[in-house]
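Please keep the sequence and the structure in view while I speak.

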Amino acid sequence: MRTTVHLLRHGEVYNPEGVLYGRRSGYHLSDLGQRMADRVAEVIGDRDITRVVASPLERAQETAAPLAAARGVDVTTDPRVIESGNVFEGQTFGVGDGVLRKPKAWRHLWNPFRPSWGEPYKEVAARMMAAVYDARDAALGHEAVVISHQLPIWVTRLHVEDRSFLHDPRRRQCTLCSLTSLTFIADVLATVSYSEPAADMLPRKDAAAPFSAGGAHDDDQPPASENAGA
């Protein structure tokens, strides 16, 4: 029996100050982000999706709403797929104009493997995989969509593909409203694939990222190990 769990990143957020909003409430989709969410519903709304799960944060709930309406299902809120915790939350983050200018921030940067500035990658992978398995079981033989955030989705992909958690954030293959799809045969993860239903709507900075906006590819690859991780 084949079951697919799609990890959907939320759409663009209205954030004129450019802060690292993290788990803070009050950050909603921009007008473009709402259109991106609508596009996702248009593109995959006719698929055999029987369960829609979302992070409790507003941007995830708002991204989930059009798809849930298209499928005629309720949005199930799962706190396990929330954004990763980060000590720099609420601040701008940059070398020349952000928190990195402050020496007191440097003490959080000593270990990129954990990472020392936020929630450990292993903990992120563990909670995300628990949510994925529950979504898989609830949608057995069908498809589920889990709306989450870039870092948790990317860490999940690194985990199932048995890759190191240490990575360059600029090279995450997880643009706005992208789908990282995990397909199971029975309870065994068989393939991982990636697609971008709203690729033509990506903001310029995201469109320039690796694998995005036309450069993206649907790579259908078997993971090295379902239970592997760094």
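I shall describe the overall fold, then the sheet, and then a few individual residues.

Please bear in mind throughout that this is a predicted model. The protein chain contains five helices and six strands. In sequence order, these elements follow the pattern β-α-β-α-β-α-β-α-β-β-α. Of the 230 residues in the protein chain, 52% are buried. Consider also the contacts between residues at least 6 apart in sequence: 69% of these join residues at least 24 apart.

Let me turn to the sheet. In what order do the strands of the open sheet lie? The order is β3-β2-β4-β1-β5-β6, and the pairing is mixed. β3, residues 75-77, and β6 are the edge strands, each pairing on one side only. From one strand to the next, the twist averages 25°. Helix α2, residues 58-71, packs on this sheet and touches β1, β2, β3 and β4. The direction of α2 makes about 165° with that of β2. Another helix, α4, lies across β1, β4, β5 and β6, and runs at about 140° to β1.

Within the sheet, I would draw your attention to strand β4, residues 143-148. How many of the residues of β4 are buried? Six of its six residues are buried. In a regular strand, side chains alternate between the two faces of the sheet. For β4, both faces are covered: E143, V145 and I147 are buried on one side, and A144, V146 and S148 are buried on the other.

The partners of β4 can be followed residue by residue. Strand β1, residues 2-9, pairs with β4 in the parallel sense over six bridges. In that pairing, V5 stands opposite A144 of β4. Strand β2, residues 49-54, also runs parallel to β4, and five bridges join the two. Here V52 stands opposite V145, and A54 stands opposite I147.

We now move to β5 and β6. In which sense does β5 pair with strand β6, residues 188-195? The two pair in the antiparallel sense, over seven bridges. One example of facing residues is S181, which stands opposite S193 in β6. β5 and β6 form a hairpin with two residues between them. In the turn, A186 has a positive phi of about 60°.

A pair of aromatic rings is described by the distance of the centres and the angle of the planes. The model has two aromatic pairs. One of them is formed by Y133 and F184, whose ring centres are 6.3 Å apart; their planes are at 65°, so this pair is edge-to-face. Because Y133 lies in helix α3, residues 121-138, and F184 lies in strand β5, residues 179-185, the pair ties together parts that are 51 residues apart in sequence. Is F184 buried or exposed? F184 counts as buried, because its relative accessibility is 0%, and the cut-off for that term is under 20%. The ring of F184 has a further neighbour in R136: the charged end of R136 sits over this ring, 5.0 Å from its centre.

Two serines in loops complete the tour.

The serine at position 178, S178, lies in the loop between α4, residues 150-160, and β5. S178 is buried, with a relative accessible area of 0%. Which residues does S178 touch, leaving out those up to four places away in sequence? They are L7, L8, R9, Y194, S195, E196 and P197. The side chain of S178 also reaches the backbone oxygen of T175, at 2.7 Å. Between the C-alpha atoms of S178 and Q150 the separation is 9.4 Å, although these residues are 28 apart along the chain.

Apart from neighbours within four places in sequence, S84 is in contact with R23, E119, V124, R127, L151 and P152. One of these contacts, E119, is 35 residues from S84 in sequence, and the two are 6.0 Å apart in space, C-alpha to C-alpha.

To close, I would return to β4: its six residues are buried, and it pairs in the parallel sense with β1 and runs parallel to β2. Thank you for your attention.

Notes: Residues numbered from 1 in each chain as written. Predicted model: local features only at pLDDT ≥ 70, side-chain atom pairs only at ≥ 80, totals over all residues. Heavy atoms only, no water. Phe/Tyr/Trp six-rings, centres within 6.5 Å; stacked < 30°, edge-to-face > 60°. Helix = DSSP H or I, 4+ residues; strand = E, 2+ residues; numbered from the N terminus. Buried < 20%, exposed > 50% of the residue type's maximum accessible area, 1.4 Å probe, protein only. Lys NZ or Arg CZ within 6 Å of the ring centre and 35° of its normal. Pairing = 2+ DSSP bridges. Contact = heavy atoms within 4.5 Å. Polar contact = N/O pair within 3.5 Å; in protein donor to acceptor, adjacent residues only side chain to side chain. Axes fitted to C-alpha atoms, helices over the stretch in contact; angles between N-to-C directions.
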